[in-house]
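Subject: A structure for you to look through

Dear colleague,

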Amino acid sequence: MSAPTTTTPAPQAEPMSHRRTLEALSGLLLVLFVALLSSTVVSTALPKIIGALNGSQTQYTWVVTATLLTATATTPIWGKLADLFNKKALVQTAIVIFLVGSVLAGFSQNAGQLIAARAFQGIGVGGLQALVQVVIAAMIPPRERGRYNGYLGGVMALATVGGPLLGGLIVDTSWLGWRWCFFVGVPIAILALVVLQATLHLVTVRRENVRIDYLGATLIAAGVSVLLVWISFVDSSFGWLSWQTAAMVGASVVLLAVAVLVEARTAEPVVPLDIVRQGTTALVIVASLAVGMAMFGGAVFLGQYFQIGRGYSPTEAGLLTIPMMAGVLVSSIVAGRMITRSGRIKPYIVFGAIVLVAGFLMLGTVDHQTSLVFVGAAMLLVGTGVGMTMQNLVLAVQNAVPLKDIGAASSTVAFFRSLGGTIGVSVLGAVLARRVTEQISQDLTAAGIPASGSGSGAGSLNLAGLPDAVVHIVRDAYGDATGHIFLISAAIAVVGVVAAALLKPVTLRTSLDLPDPATSAATAAGAVDGAPPAAEPTPLQVPAPEQDDERDGQRSGTLPAS
């Protein structure tokens with residue numbers, strides 16, 4: 001149990017002018033860019049990286065899963081810390097952890113070391129993906145946040161388009177090598193540290209006698225980790241009906257059940273159950289789980305499809321993913337502007353979820369001979385769906401909670417989205433490995449080639465060491481099996497459509513915080529009695545854009561620096 005908390009009175013935060021918001025946003029966008037780049041820069045390079053380290057298909061999956069797992073486990077902790085301590089210092093701490101993880105990953109000597117370094121890097125990524133949303137919510141009211149989502153969408157698209165291209169160029173350039181896929185983010189992260197120190201100034205509300213629910217966080221991380229380990233190895237190392245399955249699934253269920261009990265009893269839970277139980281938040285969590293599973297689980301294997309299944313180089317594979325990233329860029333900007341104009345958010349989330357399903361259904365039909373035009377059109381739809389849903393689901397929850405809970409609420413959504421992505425990558429990776437193993441074994445047998453070792457889906461992905469006849473069989477197997485996991489992604493994304501359709505239609509508020517319920521009730525009672533209403537502190541409003549320059553000079557220096 002946590003000790004009772006007290007809050008030291010702090011100056012009331014004013015909405016920042018448009019100019020000052022953009023200045024602070026520049027550092028946050030750099031942070032978001034470097035966090036996204038850490039994943040996208042290796043997406044097309046990973047087949048060569050794992051090949052160079054003589055890794056397996058299981059290790060290929062875990063290089064991605066390790067980062068998602070630790071990011072998922074730590075995201076709610078970062079979010080809770082943001083409600084209690086200085087947000088700026090927390091962002092900078094997450095950047096430093098990310099930097100150390102990047103350097104360690106770059107110096108890895110085998111696949112195991114790379115997985116461990118990526119797991120450590122994920123702790124920083126978890127902080128960055130939670131805290132950027134939290135800091136933006138502390139600066140910009142929900143209604144106005146729509147137009148700034150366009151900038152977020154632009155950075156997402158730049159990282160997701162430029163990352164695969166950069167990763168491909170790095171591994172295709174002999175004098176650089178794959179290690180620079182991890183080193184390349186270091187100078188960008190350092191630049192982000194400097195920019196944030198100069199531009200980000202937020203009021204800090206300090207709370208005394210506070211304890212972080214480390215027990216709950218540990219139980220959640222342990223429960224999820226055991227479940228993911230089981231998903232990765234079931235049906236390959238042991239059967240679905242085996243003592244290993246019973247032990248691992250049982251342990252996961254017990255750990256997560258105890259975590260729920262701990263979260264229900266502690267005064268400062270990592271995942272606040274009262275927020276999770278709210279109608280909007282619960283539906284957004286379900287939708288985020290589905291979108292995360294479909295998006296991360298499907299997109300991670302596109303680079304592998306183009307390189308191993310189709311025989312393209314890493315650079316070419318990066319170029320081939322541009323349609324998906326163009327969809328993210330255009331849809332996030334357009335939807336953000338329209339949401340700000342109308343204040344309505346549900347129609348865009350629902351439409352985006354439907355488009356996401358359609359895109360994955362199209363990708364579900366691909367094989368090693370599918371037209372690249374068709375594949376590009378399908379990826380465009382997937383990108384459009386992601387751009388219209390991912391950021392706006394977080395915005396829907398932020399609109400429904402008070403400013404004091406914005407960190408916990410935002411990180412809870414990010415937690416479940418990352419959890420969905422982690423489970424999605426693990427499940428789809430296991431399915432892909434199984435189908436590839438079966439098809440390679442069948443094709444090798446039909447060709448009269450011994451299937452021992454070379455046909456295993458868990459065998460080496462270093463195709464350079466295989467005979468030409470075997471390479472052709474392996475490429476066909478990966479090209480044909482990938483479509484199956486996209487069909488699974490489409491089925492998962494349907495759950496997101498249902499959850500989005502059940503969301504309550506609301507108009508986004510124009511204030512940074514929700515009105516005080518007690519004050520609002522008193523005001524309403526006074527109006528009923530015929531008495532003039534008492535002076536009520538109104539929620540903070542954002543100045544009109546044309547007033548920004550005038551008010552900026554008047555307000556400069558009013559907020560204490562962090």
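Before the first finding, one term is needed: a polar contact is a pair of N or O atoms within 3.5 Å, where, within protein, one atom must be able to donate a hydrogen and the other to accept it. With that in hand, please look at Ser331, whose side chain reaches the backbone oxygen of Gly327 at 2.6 Å, and also reaches the backbone oxygen of Thr384 at 3.2 Å. Ser331 is placed in helix H15, which covers residues 322–342, and with a relative accessibility of 7% this serine counts as buried, because the cut-off for that word is under 20%. If its neighbours within four places in sequence are left aside, Ser331 is in contact with Gly336, Gly383, Thr384, Gly387 and Met388.

The mean pLDDT of the protein chain is 75, and 77% of the residues reach 70 or more. Over residues 1–13, however, the pLDDT is below 50, although this stretch has 33 contacts in the model beyond near neighbours in sequence. The pLDDT also stays under 50 over residues 519–562, for which the model has 54 contacts beyond four places in sequence. Where pLDDT is low, the predicted coordinates should not be read in detail.

As for the chain as a whole, the protein has 21 helices and two strands, and of its 562 residues 56% count as buried. Among contacts between residues at least 6 apart in sequence, 84% join residues that are at least 24 apart. The chain exposes about 22000 Å², of which carbon and sulfur atoms supply 67%.

Ser102 lies in helix H4, which runs over residues 87–106, and its side chain reaches the backbone oxygen of Phe98 at 2.9 Å. Is Ser102 buried or exposed? Ser102 is buried, because its relative accessible area is 1% and the cut-off is under 20%. Not counting residues up to four places away in sequence, Ser102 touches Gln121, Phe182, Phe183 and Val186.

An α-helix has 3.6 residues a turn, so residues three or four places apart point the same way.

For a helix that is mostly covered, please turn to H13 (residues 302–309), where eight of the eight residues are buried. Those buried residues are Leu302, Gly303, Gln304, Tyr305, Phe306, Gln307, Ile308 and Gly309. Just after H13 comes Gly311, which takes a positive phi of about 85°.

Finally, how many salt bridges does the structure hold? The structure holds two. In one of them the side chains of Lys48 and Asp172 meet, with an N to O distance of 3.2 Å. This pair links distant parts of the chain, for Lys48 is in helix H2 (residues 46–52) and Asp172 is in helix H6 (residues 142–172), 124 residues apart. Both partners are partly exposed, Lys48 with a relative accessible area of 40% and Asp172 with one of 34%.

The side chains of Glu438 and Arg434 also meet in a salt bridge, at 3.3 Å from N to O. Here both residues lie in helix H18 (residues 406–446), four residues apart, which is about one turn of the helix. Glu438 is partly exposed, with a relative accessible area of 37%, and Arg434 is partly exposed as well, with a value of 41%.

With best wishes

Methods. Residues numbered from 1 in each chain as written. Predicted model: local features only at pLDDT ≥ 70, side-chain atom pairs only at ≥ 80, totals over all residues. Heavy atoms only, no water. pLDDT = per-residue confidence, 0-100. Contact = heavy atoms within 4.5 Å. Buried < 20%, exposed > 50% of the residue type's maximum accessible area, 1.4 Å probe, protein only. Areas by Shrake-Rupley, 256 points an atom, 1.4 Å probe, with all protein chains shown as cover. Salt bridge = Lys/Arg side-chain N within 4 Å of Asp/Glu carboxyl O.
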